[in-house]
Amino acid sequence: MTTSPVLDTPPHHTLVVLVENKAGVLARVAGLFARRGFNIVSLAVAPTEDDRFSRLTIVVDADSAPLYQVVQQLDKLINVVEIRELHPSHSVERELLVATVRAGPELRGQVMDLVRIFEARVLNVGSDAMMVSLSGSPSRISDFARLLQDYGIMELQRTGKVALASLDQISQQEPDAE
Amino acid sequence: MDGGQALMRSLEHEGVEVVFGLPGGAILPAYDPLLDSPLRHILVRHEQGAGHMAEGYAHATGKPGVAMVTSGPGATNIVTPLCNAFMDSVPIVVITGQVPYPAIGTDAFQECDITGISAAITKHNFLVVDAGDIPQTIHDAFHIATTGRPGPVLVDIPKDIIDSKNPRSQMTWEDPQPHILPGYSPTIKGDPELVSQAVELIGKSRQPVIYSGGGILKSRAAEELLTFAELTQIPVVTTLMNRGGFPDDHPLCLGMPGMHGNYTAVTAMQEADLLIALGSRFDDRVTGKVSGFAPGAKIIHVDIDPAEIGKVRQADVGIQGDCRHVIAAFTQALKEEGEEPRRRDAWLNTVKRWQEKYPLVYDTSPDGPLKPQFVVEKLRDNTPDDTIVCAGVGQHQMWASQYWKFNYPYTWVNSGGLGTMGFAVPAAIGAKVGRPDRMVWAIDGDGCFQMTAQELVTATTERIPIKIAILNNAYLGMVRQWQEMFYEERYSEVYLSPDLPNYSQWAESMGCVAMRIDTPEEVEPAIIKANEVDDLPVVLDFRVDAQEKVFPMVPAGASNDEIVVSPLQQ
Ligand SMILES: Cc1ncc(C[n+]2csc(CCOP(=O)(O)OP(=O)(O)O)c2C)c(N)n1
Ligand SMILES: [Mg+2]
């Protein structure tokens, strides 16, 4: 059986990295991963509630490097402020998928069934194709993508996941807050 | 005030006394206010020289070295020193000119993305956007370069913000604030719990070795190391980056470990039951094949950079912290436990037997050719004990490290991690500028000398009286040695000729005093004569045996157990 990085995530770690919102920071992070031989499975970046910082969700291929090395090397970047590893069972993970599926009039109904079951959305319908989107947990996204494959995926884009610690985790990790 | 004036004032504010550099279009506006500044500027002949001079200055003084160059080719010429300083954790600040801010990204004349290029080989770099940011950025740059694990920091400054004729350069001086670097706060003190665990391991060990590296010198911990070693009676190896960090003449000193380390230093580590790694990083030139390195040893690893701990070899106790603090904490904890200066007779006797059986040797038969090791020994014996020695990269570097007696910290300046040929001459100039009170000798190879010799023009012009001993073996000797030993003597592109260039004439043309030495008898008189020159650089061209090889040697990729001693000892 062949694995596809779009459908199956290899053994991985999820790091949530707070960085200073400065020019070139993403290049520094990406460059570090490249030169140290750490593989990125996915990377999502966006500004945070505080405009001095951006937050990165980096999914790192666990086989490419020991987690401790990745974290310590990242931490050496002057613009990296905080790094947290998130365990799936203690975090909320979300991802968005957009896909164009080959589906002429006779298959549209079947695809619509999947859309309904997954609570996905139809974004666009053409004569022989449909564009759909789904946001949800990465594993649900993978399930959906796998089922869509049977119809023929013309184009598919996943955003890579974003994640935050679940609320019980946040209160556990901040003893000073009492 | 304009940005150019602010730049000068910022450097003065950081306590900078000397800047090594070379002007050009983009940095031109900074060279005008330089005329009105008390800063000493040393005009180099190639920007690589400026970078290595800054490094030599930093090595010898402990203060950050500063270089200033123009954009484009000036910036790319200083890439090698940046990488060298990064590998050896040398605090330098490099200022590069950049094309005017609005022109960035347009392939303007002499535009080069030096912050992009240097991101991988600097501790950090900055592109300054507004003139008003110059004081704070320079302040932060020096802070980052000199604290934690030291390293190079580059500050790229667009021309428009330092050009007095450009409105974008106008600014009001404001003293820099305390650093606002939310992602940067090095840990200095070791975790006391881990310190106790380390002390416990030390107490249990029977055959411990202190594996001391460049972090000792960087954290100025030589004294703490001496106290700790004497209290515990643990022998000390000093890596290439820590020669002088523990006195060679001390009975507990085993000297340099590694690929060309001496037999005892290498073997003591192999046989140790505990390695106390202090500011060292398990470099492959020290460990040989990692799986075969010190197989029976537990590891205590102290480093200010937590990424080093466990990077190569898992530590039993890993302590993040500054060596000076952590070693002092070890000593303190041991004293509290009532540790008396210990006797480790059995272990120290074993070590001593290795030292007696396998000292460093070379062929000293009277009518043979001039031996490079002999030259180093004579230099050592005819110069003050606190002489600063710089080296290039190759066989001569290894002989210098092996045969010199380093008894003072900050007397050995060399390129370890990057192995940069051409380091010696400019580094010696930088060291002498920083320590004019000291005699500074460079022990250089003929190949290395040809890479940066033009800086002797700088030395003559600026009256920086350094002394260069070229161990002229007419070869890229270290490469020749590998071809002889590992490529069936198939010599490929390693011959240089002893006479082309004519080193004496070349040196004289650059204003130096020069001598050529062919026989052992001439060696000492030439050195004594060189030592008497105190206003000009001196170059001694020693014609040494081209066949000589560096021993011992651990072949690349082999385990340290497979150390090859000199044929004279086999
Ligand atoms: C800039 C650079 N280029 C190439 C090398 C590879 N290299 C290492 S040692 C050496 C030979 C150095 O020759 P020389 O300066 O004459 O020293 P010797 O080994 O003969 O003492 C070479 C080419 C290097 N270390 N640095
Ligand atoms: Mg040579």
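## Exercises on a predicted model

In this predicted model, B:Asp322 sits in a loop of chain B, between strand S12 (317-320) and helix H13 (323-336).

**Exercise 1.** Find the nearest side chain of opposite charge to B:Asp322, and state what surrounds B:Asp322.

*Solution.*
- Start with charge. The nearest side chain of opposite charge belongs to B:Arg324, 4.7 Å away.
- Apply the cut-off. A salt bridge needs the nitrogen and the carboxyl oxygen within 4 Å. B:Asp322 therefore has no salt bridge, although it is buried.
- Turn to the backbone. The backbone nitrogen of B:Arg324 is 3.1 Å from a polar side-chain atom of B:Asp322.
- List the surroundings. Beyond residues up to four places away in sequence, B:Asp322 touches B:Thr187, B:Ile188, B:Ser219 and B:Ile304.

**Exercise 2.** Describe how helix H3 (residues 105-118) and helix H4 (residues 138-149) of chain A pack.

*Solution.*
- Take the geometry. The axes of H3(A) and H4(A) lie 11 Å apart, at an angle of about 170°.
- Classify the angle. Angles over 145 degrees count as roughly antiparallel, so H3(A) is roughly antiparallel to H4(A).
- Name the contact residues. H3(A) contributes A:Leu114, A:Val115 and A:Phe118. H4(A) contributes A:Arg140, A:Asp143, A:Phe144, A:Leu147 and A:Leu148.

**Exercise 3.** Is B:Asn84 buried or exposed, and which residues does B:Asn84 contact?

*Solution.*
- Locate the residue. B:Asn84 is in helix H5 (residues 79-87) of chain B.
- Check the accessible area. The relative value is 1%, so B:Asn84 is buried.
- List the contacts. Leaving aside neighbours within four places in sequence, they are B:His52, B:Glu55, B:Ser415, B:Leu418, B:Thr420 and B:Phe423.

Methods. Residues numbered from 1 in each chain as written. Chains lettered and ligands numbered in written order. Predicted model: local features only at pLDDT ≥ 70, side-chain atom pairs only at ≥ 80, totals over all residues. Heavy atoms only, no water. Helix = DSSP H or I, 4+ residues; strand = E, 2+ residues; numbered from the N terminus. Buried < 20%, exposed > 50% of the residue type's maximum accessible area, 1.4 Å probe, protein only. Lys, Arg positive; Asp, Glu negative; His and termini not counted. Polar contact = N/O pair within 3.5 Å; in protein donor to acceptor, adjacent residues only side chain to side chain. Contact = heavy atoms within 4.5 Å. Axes fitted to C-alpha atoms, helices over the stretch in contact; angles between N-to-C directions. Parallel < 35°, antiparallel > 145°, perpendicular 65-115°, else oblique.
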